[in-house]
Amino acid sequence: MSRSESSFGTAPSYSTRTTLSLALLTIAASLLHGALGAVDYPASWSAGVAYMLLSGLMLVYGILLLIRYAEAHDAMSDPLPRTPMYATRHERMNHLAGLALHLLASGVALAWAVTRHAPLAHAAAIAVSLYAAWLVQRSRPRG
């Protein structure tokens with residue numbers, strides 16, 4: 001295997017601007033969905049709580065992505081040759097979890113928008129989550 005075929009020295013997959021955008025957008029989306037869950041709480045206790053819990057999971061996902069982005073940038077300044085970061089099953093599962101969280105949040109927001117409970121706010125939440133899902137899909141691991 002020649003040096004050009006080796007994956008040593010390549011930038012970590014989490015070091016892209018897409019990852020940073022996705023992390024910040026996920027955090028913003030989680031706060032929006034959480035606020036809407038609080039607004040929906042009086043209409044349906046269980047659905048409002050579930051929506052807020054989903055937004056909490058999205059917040060954790062966004063913060064973990066932000067940490068991975070910072071970690072990847074730190075690894076890029078390491079003077080020693082670096083090995084590929086997260087070239088594991090974990091990276092693929094992280095992609096699937098992010099996609100599932102954003103699509104599920106979009107579905108819940110759509111259900112609330114259809115019932116005419118703050119439809120414009122829920123439409124905005126749907127748009128943010130679908131854009132974030134597109135970013136997740138765009139940043140999925142190759143191979």
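## Threonine 26

Threonine 26 is buried, with a relative accessible area of 0% (buried means under 20% relative accessible area, exposed over 50%, partly exposed in between, with a 1.4 Å probe and protein chains only). The model is predicted: local features need pLDDT of at least 70 and side-chain atom pairs count only at pLDDT 80 or more, while totals for chains, interfaces and linings use all residues. Residues are numbered from 1 along each chain as its sequence is written, and side-chain values use heavy atoms, with hydrogens and water left out.

Threonine 26 lies in helix H1 (residues 17-40); helices are DSSP runs of H or I with at least four residues, numbered from the N terminus. Its side chain comes to 2.7 Å from the backbone oxygen of leucine 22. Apart from neighbours within four places in sequence, threonine 26 is in contact with Met58, Tyr61, Gly62 and His102 (contact means heavy atoms within 4.5 Å).

## Nonpolar cores

A nonpolar core is a set of buried Ala, Val, Leu, Ile, Met, Phe, Trp, Tyr and Cys residues joined through side-chain atoms within 4.5 Å. The largest has 17 residues, of which Leu22, Met58, Tyr61, Leu65, Leu101 and Val136 touch the most other members. H1, helix H2 (45-76), helix H3 (89-114) and H4 each give two or more residues to this core. H2 supplies the largest share, five residues.

A second, separate core of six residues includes Leu36, Tyr51, Ala109 and Ala125.

## Helix H4

Helix H4 (residues 119-138) has 20 residues and should span 28 Å at 1.5 Å a residue, the expected span being 1.5 Å times one less than the number of residues. Its end C-alpha atoms are 28 Å apart, which agrees. The buried residues of H4 are His122, Ala125, Ile126, Ser129, Ala132, Ala133, Leu135 and Val136.

Notes. A polar contact is a pair of N or O atoms within 3.5 Å; within protein, one must be able to donate a hydrogen and the other to accept it, and residues adjacent in sequence count only if both atoms are side-chain atoms.
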